Amino acid sequence: MSTERPLEVTVITGLSGAGRSESSKALEDLGWYVIDNLPPQLIETMISLTTSAGSLISRLALVLDARGGAFFEEAEAALDALRKQVDYRLVFLEADDDVLIRRFDATRRRHPFVAEDNVELSIRKERELMQPFRDRADLIIDTTDLSARDLRSRINSTFGGTDPSTGLKTTVVSFGYKYGLPVDADIVLDVRFLPNPHWVPELRPLSGLDEEIRDFVLGQKGTTEFLTKTKELLAVLMPGYEEEGRHYLTIAIGCTGGRHRSVVLSQEICEFVSSSGYNAQLIHRDVERSVVSR
């Protein structure tokens with residue numbers, strides 16, 4: 001009996017300066033066969049080669065670079081054709097304009113879409129042209145607040161598994177509304193209806209990672225019902241997403257500053273997701289930020 005695994009394919013694309021190169025390196029370290037800046041018209045040929053008899057490649061990552069000539073029209077057609085060959089996953093990397101500008105300034109690199117030597121205009125042009133790829137992405141990673149190390153960690157936790165049949169991979173993110181919503185969230189839950197530990201002087205310096213905050217949040221009148229209803233909802237949604245072919249799901253839980261309530265409840269929800277048999281990772285986006293005022 002053959003023990004060969006089906007070819008696992010991931011396509012990485014996104015905005016210039018958002019982390020494609022770092023993502024490529026992380027995937028290579030995980031054992032993926034990575035091809036960077038492959039012309040779109042050669043994608044079908046590459047897939048045929050890797051699926052032919054005797055191929056030793058089981059995990060293939062294709063990095064599409066917008067600098068490739070008539071990239072946009074060719075790439076969209078190539079991705080449509082690829083879908084008929086394999087059930088690939090499309091990952092889109094992005095970041096805020098001001099962060100991208102700082103990154104280009106720091107590296108002194110020219111933006112591939114030079115608009116009158118204006119980096120800001122170049123970024124806007126590329127963002128507009130790349131919107132169709134963002135719309136069809138299975139996973140969007142916003143690297144605005146991620147260091148290179150953080151991005152590698154995110155790639156490792158998402159693609160580090162050895163079994164491509166593990167199903168829906170879920171990320172649970174705690175965040176603070178005052179710092180903005182996670183742009184890659186599929187489901188957003190607002191827990192600001194619960195009493196805020198910030199207004200208890202002895203609890204204010206602590207975070208949801210501390211037992212005292214956990215006891216406070218989990219002991220509130222509305223917490224039990226919230227968790228019960230949320231788990232019931234996810235028990236319906238997650239199998240549905242999986243049946244529809246979704247590979248990734250991001251659940252974001254927000255409170256005022258992302259330090260207390262959302263941290264505790266995201267942990268509870270992540271544990272539920274894991275106990276339900278799904279691959280789950282937990283990210284506390286804002287827990288290390290300073291103690292906030294309401």
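**Close-up 1. Packing of helices α4 and α5 in the predicted model.** Two packed helices are described by the angle between their axes and the distance between the axes. Here, helix α4 spans residues 97-107 and helix α5 spans residues 119-135. They pack at an angle of about 125°, and their axes lie 10 Å apart. The two helices are therefore oblique to each other. The crossing of α4 and α5 is right-handed.

**Close-up 2. Residues at the contact of α4 with α5.** From α4 come Asp97, Leu100, Ile101 and Phe104. They meet Val119, Glu120, Ile123, Arg124 and Arg127 of α5. By class, this contact has five nonpolar and four charged residues, and no polar ones.

Close-up 3. Ile43 counts as buried because its relative accessibility is 2%, under the 20% cut-off. Which residues does Ile43 contact, leaving aside its neighbours within four places in sequence? They are Leu38, Leu62, Leu64, Ala78 and Leu82. Leu79 lies 36 residues from Ile43 along the chain. The C-alpha atoms of Ile43 and Leu79 are separated by 8.4 Å.

**Close-up 4. Cysteines Cys255 and Cys270.** Cys255 has a relative accessibility of 2%, so it counts as buried. Cys270 is buried as well, with a relative accessible area of 9%. A disulfide is a covalent bond between the sulfur atoms of two cysteines. With a cut-off of 2.5 Å between cysteine sulfur atoms, the count of disulfides comes to zero.

Note on methods. Residues numbered from 1 in each chain as written. Predicted model: local features only at pLDDT ≥ 70, side-chain atom pairs only at ≥ 80, totals over all residues. Heavy atoms only, no water. Buried < 20%, exposed > 50% of the residue type's maximum accessible area, 1.4 Å probe, protein only. Contact = heavy atoms within 4.5 Å. Axes fitted to C-alpha atoms, helices over the stretch in contact; angles between N-to-C directions. Helix = DSSP H or I, 4+ residues; strand = E, 2+ residues; numbered from the N terminus. Parallel < 35°, antiparallel > 145°, perpendicular 65-115°, else oblique. Left-handed = near helix turned anticlockwise from the far one by under 90°. Nonpolar A, V, L, I, M, F, W, Y, C, P; charged D, E, K, R; others polar.
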